[in-house]
Amino acid sequence: MFYWFLKRVLAGPILRILFRPWVRGLDNLPAEGPAIIAGNHNHFMDSIFVPLLAPRPVVYLAKKDYFTGRGIKGAVTRWFFKLNNQLPMDRGGGSGSQASLESGLKVLREGNSLGIYPEGTRSPDGKLYRGRTGIARLVLESGAPVVPVAIIGTDKLQPAGRIVPKLRRVGVVFGAPMDFSKYSGLPVDRFMLRSVTDEIMYEIMRLSGQEYVDTYASTVKTKLLTSAKPKRPESEKNAAKGRDTAKGKDAPKGKGATKAQQDSTDRNEPESGSENPSTSA
């Protein structure tokens with residue numbers, strides 16, 4: 001009830017005025033029965049525009065962080081996502097991911113539309129990244145058709161550093177349903193899962209026109225975060241270098257000393273008259 005109220009009375013009309021969304025291929029959406037709506041993911045509002053333009057409700061698998069927040073903000077976020085047909089999805093693998101898979105299968109078995117982003121996370125730069133094979137498991141276990149979706153323009157809504165999204169047109173293109181019944185009855189292995197996933201990603205790429213990168217988006221995000229770590233100022237580097245030098249002068253001979261430090265220490269030691277060679281490391 002709240003879903004339809006939000007879509008048709010509260011938020012829907014405002015979003016249509018602000019972003020003037022356009023849509024193509026609505027006739028590709030099955031009027032009834034289970035369907036997996038698989039799309040690209042550039043912005044958190046992707047999960048708003050697709051249900052806004054689709055003629056039937058779409059239940060999305062959203063990251064579980066939206067459902068575990070604390071305080072008033074966490075409670076409001078959790079309430080909003082639950083009332084908007086969003087289900088928590090665990091992306092950590094193992095039993096959590098299996099539970100998310102079962103939640104998605106339950107939605108499909110009840111004859112509903114399930115929305116999912118095969119990339120597993122938002123694209124860091126507007127490109128289309130390699131799909132996770134969880135979607136293939138859903139397809140093969142449910143037998144539901146896959147409707148590829150391209151969400152256009154949301155990658156430009158919120159450039160880095162901008163808090164409020166820009167007001168610009170957004171589009172959604174629904175592609176022709178994909179049938180994977182040819183795999184029915186065959187043993188499922190990682191090659192089949194990858195084949196199904198890649199086939200879906202190719203259709204999304206064709207509809208969206210995005211550049212495809214055969215790497216997981218999460219991997220690229222990790223590299224970007226690592227490279228973005230602030231570098232130490234030169235003054236700190238020089239101070240650290242000075243401390244290291246001072247330590248080197250006082251370092252005793254032994255297992256942890258460098259050969260240069262050992263040689264320097266040996267030269268400063270008085271000759272003992274022993275013919276045994278130095279025990280430097």
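The entries below go from the whole chain to strands, then to helices and cores.

**Entry 1: ground rules**

I am working with a predicted model, where local features need pLDDT of at least 70, side-chain atom pairs count only at pLDDT 80 or more, and totals for chains, interfaces and linings use all residues. Residues are numbered from 1 along each chain as its sequence is written, and side-chain values use heavy atoms, with hydrogens and water left out.

**Entry 2: the whole chain**

I found 10 helices and nine strands in the protein. Here helices (H or I, at least four residues) and strands (E, at least two) are DSSP runs, numbered from the N terminus. I then looked up burial: of the 281 residues, 36% are buried. My cut-offs are under 20% relative accessible area for buried, over 50% for exposed and partly exposed in between, with a 1.4 Å probe and protein chains only. Next came contacts, meaning heavy atoms within 4.5 Å. Taking those between residues at least 6 apart in sequence, I see that 74% join residues at least 24 apart.

**Entry 3: strand 2 and its partners**

Which strands does strand 2 run parallel to? I found four bridges joining strand 2 to strand 5 in parallel, and four bridges joining strand 2 to strand 7, also parallel. For pairing, DSSP has to find at least two bridges between two strands. On the strand 5 side, Ile37 has Gly115 as its bridge partner. On the strand 7 side, Gly39 stands opposite Val149.

In strand 7, six of the seven residues are buried.

**Entry 4: a stop at Gly39**

Gly39 counts as buried because its relative accessibility is 5%. Leaving aside neighbours within four places in sequence, I list Ile116, Tyr117, Pro118, Val149 and Ile204 as contacts of Gly39. I also checked Gly39 against Val173: the two are 134 residues apart along the chain, and their C-alpha atoms are separated by 9.5 Å.

**Entry 5: strand 8**

Val173 took me to strand 8 (residues 171–174), where Gly171 and Val173 on one side and Val172 and Phe174 on the other are all buried. How many bridges link strand 8 to strand 7? I count four, in the antiparallel sense, with strand 7 covering residues 146–152. Ile151 has Val172 of strand 8 as its bridge partner.

I followed the axes of helix 6 (residues 134–142) and helix 7 (residues 190–208), which come within 8 Å and cross at roughly 100 degrees. That makes helix 6 roughly perpendicular to helix 7. Helix 6 brings Ile135, Ala136, Arg137, Val139 and Leu140 to the contact, and helix 7 brings Met192, Leu193, Val196, Thr197 and Ile200. By class, I have eight nonpolar, one polar and one charged residues there.

Some terms for this entry: axes are lines fitted to C-alpha atoms, for helices over the stretch in contact, and angles run from 0 to 180 degrees between N-to-C directions. Angles under 35 degrees count as roughly parallel, over 145 as roughly antiparallel, 65 to 115 as roughly perpendicular and the rest as oblique. Ala, Val, Leu, Ile, Met, Phe, Trp, Tyr, Cys and Pro count as nonpolar, Asp, Glu, Lys and Arg as charged, and the others, Gly among them, as polar.

**Entry 6: the cores**

Last, I looked up the nonpolar cores, each a set of buried Ala, Val, Leu, Ile, Met, Phe, Trp, Tyr and Cys residues joined through side-chain atoms within 4.5 Å. Which residues have the most contacts inside the largest core? They are Ile36, Val146, Phe180 and Ile200, in a core of 26 residues. Strand 2, strand 3 (58–63), helix 5 (94–109), strand 5 (113–116), helix 6 and helix 7 each give two or more residues to this core. Helix 7 gives the largest share, six residues.

Beyond its neighbours within four places in sequence, Ile200 is in contact with Ala38, Ile135, Val139, Val146, Met178 and Phe180. I also noted a second, separate core of 20 residues, which includes Phe49, Leu53, Val149 and Ile151.
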